[in-house]
Amino acid sequence: MVTRNDPALGLYNGDVGITLEDPAMAGRLRVFFPQGERIRAVLPGRLTDVETVFAMTVHKSQGSEFDHVLFVLPDRPNPILTKELVYTGITRARSRVTLMSAYPQALESAIARRVLRASGLQL
């Protein structure tokens, strides 16, 4: 996952690629990034600000979009899980979301909890 914008490569924070052997260059690795209707191949050595990602937090997913999102909720009440966090996680999906939790009231509890801002701004 790209962690800092790289306009020269046309890659931006949150872009996710997969490292595979390049079929056009047997034995050479490339990182493949979906960009619209096409796939872009980048040499791994050209990527400077990246992290290996198997799963990501809602916070790190901001700015990203996926066809299907698996949103794993905590297995007990958690004050960090708020209505706003659930909204952000769900809206990362283009077409499908799967919610999972061992705590049956996780979603209901999260929706009832809102972030309390301490900015001093009047709404």
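What volume does the second largest pocket have? I find about 370 Å³ for the second largest pocket. The model is predicted, and I therefore note that local features need pLDDT of at least 70, that side-chain atom pairs count only at pLDDT 80 or more, and that totals for chains, interfaces and linings use all residues. Residues are numbered from 1 along each chain as its sequence is written, and side-chain values use heavy atoms, with hydrogens and water left out.

**Entry 1: pockets**

I record the pocket criterion: on a 1 Å grid over the protein atoms alone, a pocket is an open set of points where a 1.4 Å probe fits, with protein on both sides within 12 Å along at least five of seven lines, and lining residues have an atom within 4 Å of a point. Grid points are joined across faces, edges and corners, and a volume is the space filled by probe spheres set on the points.

I looked up the lining of the second largest pocket and found 19 residues, with Met-1, Gly-17, Ile-18, Thr-19 and Val-31 nearest its centre. Strand E1 (18–21) and E2 are the elements that give two or more residues to this lining; helices (H or I, at least four residues) and strands (E, at least two) are DSSP runs, numbered from the N terminus. E2 gives the most, with 4 residues. By class I note 14 nonpolar, 3 polar and 2 charged residues (Ala, Val, Leu, Ile, Met, Phe, Trp, Tyr, Cys and Pro count as nonpolar, Asp, Glu, Lys and Arg as charged, and the others, Gly among them, as polar).

I then turned to the largest pocket, whose volume is about 880 Å³. Its lining holds 30 residues, and Met-56, Ser-61, Phe-66, Val-69 and Arg-92 lie nearest the centre. Strand E2 (29–35), helix H1 (58–61), strand E4 (66–72) and H2 each supply at least two lining residues. The largest share, 6 residues, comes from E4. The lining divides into 17 nonpolar, 9 polar and 4 charged residues.

**Entry 2: salt bridges**

How many salt bridges does the structure hold? I find 7, a salt bridge being a side-chain nitrogen of Lys or Arg within 4 Å of a carboxyl oxygen of Asp or Glu.

Asp-22 and Arg-30 form one of them, at 3.5 Å from N to O. For accessibility, buried means under 20% relative accessible area, exposed over 50%, and partly exposed in between (1.4 Å probe, protein chains only). Asp-22 is buried at 11%, and Arg-30 is buried at 10%.

Asp-75 and Arg-76 form a further bridge, with the closest N and O atoms 3.3 Å apart. Arg-76 is exposed at 54%, whereas Asp-75 is partly exposed at 43%.

Glu-84 and Arg-114 also meet in a salt bridge, at 3.5 Å from N to O. This pair links distant parts of the chain, 30 residues apart: Glu-84 is in helix H2 (83–90), and Arg-114 is in the segment after helix H3 (106–112). Glu-84 is partly exposed at 23%, and Arg-114 is exposed at 54%. I also note that Glu-65, Asp-67 and Arg-94 are joined into one network by salt bridges that share partners.

**Entry 3: surface**

Which residues form a nonpolar patch on the surface? I find Leu-70, Val-72 and Met-100, with about 300 Å² of accessible area together. Patch residues have over 30% relative accessible area and no salt bridge, and nonpolar side chains (Val, Leu, Ile, Met, Phe, Trp, Tyr) are joined within 5 Å. Accessible areas come from the Shrake-Rupley method with a 1.4 Å probe; for residues, only the protein chains shown count as cover. Leu-70 is found in strand E4 and is exposed at 51%.

How values were computed: Patch = residues over 30% accessible without salt bridge, like charges linked within 9 Å, V, L, I, M, F, W, Y side chains within 5 Å.
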